[in-house]
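Please look over the model below before reading the notes. They are arranged by topic.

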Amino acid sequence: MGTTNSSICNWQLIDDAKKILSDGNHTSNAVNNLLLDLRSRFNLNAIVVRQRISRPFSLRIMYEHVKNCPTKRINQTITYSEEDWNKSVSEYKKGYYIYYFDENKAPISGVIAKYKPQCILQLPYFSKGVFLGTLDFIDFEQPHDWSEQDIIILSSLRDLIFEDLTKLDEDKESKSSEYDKDYITGMNRYETFIENLDRAIPSCTIGNNAILVVYSDIHHFKLINEGYGYRKGDELLREYARQLQSGRTYIDACRVHSDNFIVAYQIQASDIDTTLRELEIEQKWLSLELQKCCPDSHIRICSGIYIIDNSDIDAATTAAYANMARKQSKQEKGLRSVLFSSDMIKDMKRRAYLNDELPKAIQNHNLVVYYQPKISCSSEKLFGAEALIRWQKDDGTFIYPDEFIPEFESNGNIVSLDYYVYEEVFRYQRYRLDHNLSVFPVSMNVSRLHLESNDILPYIRSLLDKYQIPPKYIEFELTENIYMQSIEPARKFISTCNDLGISVSMDDFGSGYSSLNMISSLPIDVLKIDKIFMKNETLSDNDKIVLNSVIDMAKRLNMTVLCEGVESKSQLNFLKDAGCDIIQGYYYGKPMSQTEFDKFVTSYV
């Protein structure tokens, strides 16, 4: 039946394992190396070490090495019912447990059931009659014949691994004052917090009891470190910890990392609404107290909250959910805490779906470039277009940019998306040139992430060489905020584009906080005035004053002026009179497919 391991599983394996463990610089590294070696030798899909923890009927995944399988569950706690726990321990007492997949058998429970493993060998570890964990060998592709000698030898390996785990635990215990405490704040470290919360959950969620897990950080803490220095930043963290520990009674609290803190409070389930209101007040007060450390800064605490009202969840998961809510709070205006909701998991799954599907969408050309026309104010003829992306699924429905671009900008996938758009635009320009059709400048967006690497300029050069497009037909747009955040990389990008004969514009001008001095020092070709000024069909007197001033300033700096979001005749007439050069907006045309745009071009050339 399947693979035979006898040629691999011999007593030499024990000597090899001892050598790997003795060569390791640290016990956990040595165990990792050994497990990787074992997985390779036996051609397994996964090896997992689960260790018993203080939480009743619970095992924590200490090590997991997986091949061709998306599970990755280090530090995840698995809690069983008392009945299942006792049944498993009873089964383990014979020394091992082997599972073979059978279509006619009831499926095993848990994460691995989803992947239908062909074979699982579990070797339990007992010390003085107490069950302490298992070493699991898992294969999703084929069954293994585990002989009696195999099990004896692998059991010896299991003993070596758990002896090292025990040694690691003893080292931690001997250094508990050093290991369990954060060196800056003196608070518990995250690992200790999780253990303590795991212990507390069963007893603190009985009856009308619940636990409030609050995960917080200081908004823009990095700027405080950079502006005041790291010593002042550490002082602020210590004060943050002191305020947390001197406040309401808590189960445990810790600094997770940097300026991220987490605290767990026991509360009455019937008082949740009142407690949340009190926490809001406390957060505002805490922000004011922390501001005393850095008077010239604006301290804002962002918090996410998860409520534990039953014992069917582990501490690490609750921390992850509270952290998810914290990230949401950073998007909110003003000071407020955000309570975790199941919609956040849906949003997380949605983001994961988008990231997983992006490579396939690029390969299958489900990402479609749309073009929004730019019209000359003086001639009312087509001046050019802006390239915009749409994601059309196989069923014909669309995923719109505001659904996926923020996600891709946050995780770096925006780079591959932009490169796809660039090549599609260059290909389109080449097509029009080859068919003797009129050609015009097309602008494309540049992400901040492009400016943090050295890849974009060589890539642009490669497209120019490949498609032989005259540079005057290419334009790149950087948003106002990108200029503010990455002034020197932006300056270098503009200079190189100018050398190549490519135009560069500042997009969304007026939506942020541009410095007029910065604008005057950058060789920008086009200033794009944000559509925020076009919010009313009839412009207010104040809007007109601002627009007149901006257009006059840009003209004096020899910039071409484009105004976005133009939707009415009155807006158009004012902008013409004010000296605006180019109009972009629904008044002339929405973003349209390449086919629609080709038809549009014939009417405006």
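The notes cover confidence, one hairpin and selected salt bridges.

This is a predicted model, in which local features need pLDDT of at least 70, side-chain atom pairs count only at pLDDT 80 or more, and totals for chains, interfaces and linings use all residues. Residues are numbered from 1 along each chain as its sequence is written, and side-chain values use heavy atoms, with hydrogens and water left out.

**Confidence**
- Mean pLDDT (the predictor's confidence in each residue, from 0 to 100) is 85 for the chain, and 90% of its residues reach 70 or more.
- Over residues 106-114 pLDDT stays under 50, and the model has eleven contacts (heavy atoms within 4.5 Å) beyond four places in sequence for them.

**Salt bridges**
- The structure holds 34 salt bridges, each a side-chain nitrogen of Lys or Arg within 4 Å of a carboxyl oxygen of Asp or Glu.
- Asp598 forms one with Arg432, the closest N and O atoms being 2.8 Å apart.
- Because Asp598 lies in helix α21 (residues 594-604) and Arg432 in helix α13, this pair ties together parts 166 residues apart in sequence; helices are DSSP runs of H or I, at least four residues, and strands are runs of E, at least two, numbered from the N terminus.
- Arg432 is buried at 4% relative accessibility, whereas Asp598 is partly exposed at 23% (buried is under 20% relative accessible area, exposed over 50%, partly exposed in between, with a 1.4 Å probe and protein chains only).
- Within helix α13 (residues 414-434), Glu424 and Arg427 are three residues apart, about one turn, and their closest N and O atoms are 2.3 Å apart.

**Hairpin**
- Strands β10 (residues 252-257) and β11 (residues 260-268) pair in the antiparallel sense over five bridges; pairing requires at least two bridges found by DSSP.
- Cys254 stands opposite Ile262 in β11.
- Two residues separate the strands, and Ser258 takes a positive phi near 45° in this hairpin.
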